Amino acid sequence: MLQGLGRYLRCLGVDVVMLENTDDHRVAAKLAQAEGRVILTCGQPFQTLRSQVGEGCCLSLDCSEKARDQAIRVLRHFNVQPTPSDIFSRCQ
């Protein structure tokens, strides 16, 4: 559901791992714990995932928002300010 957001963040130079739609939510929790990542999710999985990874490691987003607006919200939440050299610095 958040693949558009993932692609948008990747364009801005953010290190993003996107799960497949068929992946279980436990995969996200395991990745977050093993690699120190933050989970971005929307809807019902948020409560379960937050309890598995701890406070501050899971952010719930509004799925009805456009990917651009979600990306702005994520960047503001984590106080990330991409520089021009960050743009398209990651493989698409």
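My entries follow, starting with the ground rules.

**Ground rules.** I am working on a predicted model, where local features need pLDDT of at least 70, side-chain atom pairs count only at pLDDT 80 or more, and totals for chains, interfaces and linings use all residues. Residues are numbered from 1 along each chain as its sequence is written, and side-chain values use heavy atoms, with hydrogens and water left out.

I looked up the largest pocket and noted a volume of about 920 Å³. A pocket here is an open set of points on a 1 Å grid over the protein atoms alone, where a 1.4 Å probe fits, with protein on both sides within 12 Å along at least five of seven lines. The volume is the space filled by probe spheres set on the points, which are joined across faces, edges and corners.

I then listed the lining, meaning residues with an atom within 4 Å of a point. It has 32 residues, and V17, V38, I39, L40 and T41 lie nearest the pocket centre. Two or more lining residues come from each of α1 (3-11), α2 (25-35), β1 (39-41), α3 (45-53) and α4 (67-77). These elements are DSSP runs numbered from the N terminus: helices are H or I, at least four residues, and strands are E, at least two.

I sorted the lining by residue class: 23 are nonpolar, five polar and four charged. Nonpolar covers Ala, Val, Leu, Ile, Met, Phe, Trp, Tyr, Cys and Pro; charged covers Asp, Glu, Lys and Arg; the others, Gly among them, are polar.

**Helix α2.** Which residues of α2 are buried? They are A28, A29 and A32. Buried means under 20% relative accessible area, exposed over 50%, and partly exposed in between (1.4 Å probe, protein chains only). Seen down the axis of α2, the buried residues fall within an arc of 100°, so they line one face. The arc is taken from the directions from the helix axis to the C-beta atoms. Their cover includes β1 and α3. On the face turned away, I found R26, K30 and A34 exposed.

Next I checked the helix ends. D24 caps the N-terminal end of α2, with a side-chain oxygen 2.8 Å from the backbone nitrogen of R26. Just after α2, G36 has a positive phi of about 65°.

N79 is not a glycine, yet its phi is positive, near 55°. N79 sits in the segment after α4 and counts as exposed at 61% relative accessibility. F88 is also found in the segment after α4. I noted a positive phi of about 55° for F88, again not a glycine. F88 is exposed, with a relative accessible area of 58%.

Notes. Contact means heavy atoms within 4.5 Å. A polar contact is a pair of N or O atoms within 3.5 Å; within protein, one must be able to donate a hydrogen and the other to accept it, and residues adjacent in sequence count only if both atoms are side-chain atoms.
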